Amino acid sequence: MNMKKSILAAALLATMTYANAETTIKFSHIVAPDTPKGQMAQKFKEIIEERSNGDIKVDIFPNSQLYNDNKVLEALLLGDVQMAAPSLSKLQRLTTKMQVYDLPFLFKDMDAVERFQSSEVGQELLKTVEPKGIVALGYLHNGLKQFSANDPIRVPADMDGKKFRIQQSDVLASQFEAVGAVPIKKPFSEVYTLLQTKAIDGAENPWSNIYSQKFHEIQPYITESNNGLLDYVVITSKSFMDSLPEDQQALVREAADEAIAYGNGLAAEINNRDKQSIIDSGYSEIIELTPEERKQWVDAMRPVWKQYEDQIGADVIAAAEASNEAQ
């Protein structure tokens, strides 16, 4: 074999080897497998492994087995994981505009959330993380948050001096400070122990997180406040996507779109189911707010919107608020 043929043969072999090489996607998240996020991750795995004919493998690491949400962004950029679904609050470090999702009492229900996230403004927000090397593949629902606590929480005055765990979010800190509470920024993986040892007095979470993490077993009161949103964004890194051939990039986006739609379809069902399971367990008393009590919360926390208007953008806040009215 002459030199030219040898070079061609070597190049062909390298191409074949690369084409047959298996790509592994490590998908790290912090909640249980039976939550909306956990179910979305499993569906993503099933879709992409089947359609890639095994060329792409997905390893899922739930319950903060690899990283908590505070560290997963760095891990993603370093290539230690390839996918994650952090809460929208965590993106504050990348873009201040995403703080709109932490504003208290902004969305009246999940239909309003869906309308905003699907809108031109909501989709443009996903692109604001791109300069940081992050590719946002789509929004993933969990649901609206409820207050769980050691004592009954009905009106803002009941929060005075109480320590509440929050995510790494300045907006959420301001939300609790507005009602005299003490916000404590801690990773989700530490919340159960903090509640169990009474190092904190309460937390805010959707029903699925409260139930799957057994917070209801150690928190005797849950106020159905629907005070804010806890959604996620499914992300990967630009460097990882650029490392894939175009057909695999398209497959990752396609699988993510379908898995996110699947997870979002389950979110309301899972939250309703888990709320009923909490009621049936008898561990916690569910406190329902009267319209007058709810108005006290809205009045107390609404000034937080103005506080962050310059960072988020008045136009973004206005668009989000407008989503409460069905088109």
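**Largest cavity**

I looked up the largest cavity in this predicted model and found about 130 Å³ of space in it. Its lining counts 16 residues, and I noted Arg165, Gln167, Phe188, Asn205 and Leu230 as the closest to its centre. I sorted the lining by class and got seven nonpolar, four polar and five charged residues. Counting cavities of 30 Å³ or more, I find five in the structure.

I read the strand order as S7-S6-S8-S5-S9-S11, an open sheet of six strands with mixed pairing. I have the twist from one strand to the next at an average of 30°.

I also checked how S6 meets S8. The two run parallel and are joined by two bridges. For Phe164, I find Gly202 in S8 as the bridge partner.

My next entry concerns strand S4 (134–144). I checked burial along the strand: 11 of its 11 residues are buried, so S4 is largely enclosed by the rest of the structure. The cut-off I used for buried is under 20% relative accessible area.

I then looked for the pairing of S4 with S10 and found eight bridges in the antiparallel sense. In this pairing I noted Gly138, whose bridge partner in S10 is Val234.

**Largest pocket**

I turned to the open spaces. The largest pocket has a volume of about 330 Å³. I list 17 lining residues, with Met110, Gly143, Leu144, Ala268 and Asn271 nearest its centre. Helix H4 (110–118), S4 and helix H10 (246–281) each give two or more residues to the lining. Which element gives the most? H10 does, with six residues. By class I have five nonpolar, eight polar and four charged residues in this lining.

**Second largest pocket**

The second largest pocket holds about 200 Å³ of space. Among its lining residues I noted Gln123, Leu126, Lys127 and Glu130, then Ile134, Val135, Ala136 and Leu137, and also Lys238, Met241, Asp242 and Arg253. Helix H5 (120–127), S4 and helix H9 (238–243) each supply at least two of the lining residues. The largest share, four residues, comes from S4. I sorted this lining into six nonpolar, one polar and five charged residues.

**Helix H2**

Last, I checked the length of helix H2 (residues 36–51). At 1.5 Å a residue, its 16 residues should span 22 Å, and I find its end C-alpha atoms 22 Å apart, which agrees.

Which residues of H2 are buried? I have Pro36, Lys37, Gly38, Met40, Ala41, Phe44, Ile47 and Ile48. As a reminder to myself, an α-helix has 3.6 residues a turn, so residues three or four places apart point the same way. Just after H2, I noted a positive phi of about 55° at Asn53.

Notes. Residues are numbered from 1 along each chain as its sequence is written. This is a predicted model: local features need pLDDT of at least 70, side-chain atom pairs count only at pLDDT 80 or more; totals for chains, interfaces and linings use all residues. Side-chain values use heavy atoms; hydrogens and water are left out. The expected span of a helix is 1.5 Å times one less than its number of residues. Buried means under 20% relative accessible area, exposed over 50%, partly exposed in between (1.4 Å probe, protein chains only). On a 1 Å grid over the protein atoms alone, a cavity is a set of points where a 1.4 Å probe fits but cannot get out, and a pocket is an open set with protein on both sides within 12 Å along at least five of seven lines; lining residues have an atom within 4 Å of a point. Grid points are joined across faces, edges and corners, and a volume is the space filled by probe spheres set on the points. Ala, Val, Leu, Ile, Met, Phe, Trp, Tyr, Cys and Pro count as nonpolar, Asp, Glu, Lys and Arg as charged, and the others, Gly among them, as polar. Two strands pair if DSSP finds at least two bridges between them. Axes are lines fitted to C-alpha atoms, for helices over the stretch in contact, and angles run from 0 to 180 degrees between N-to-C directions.
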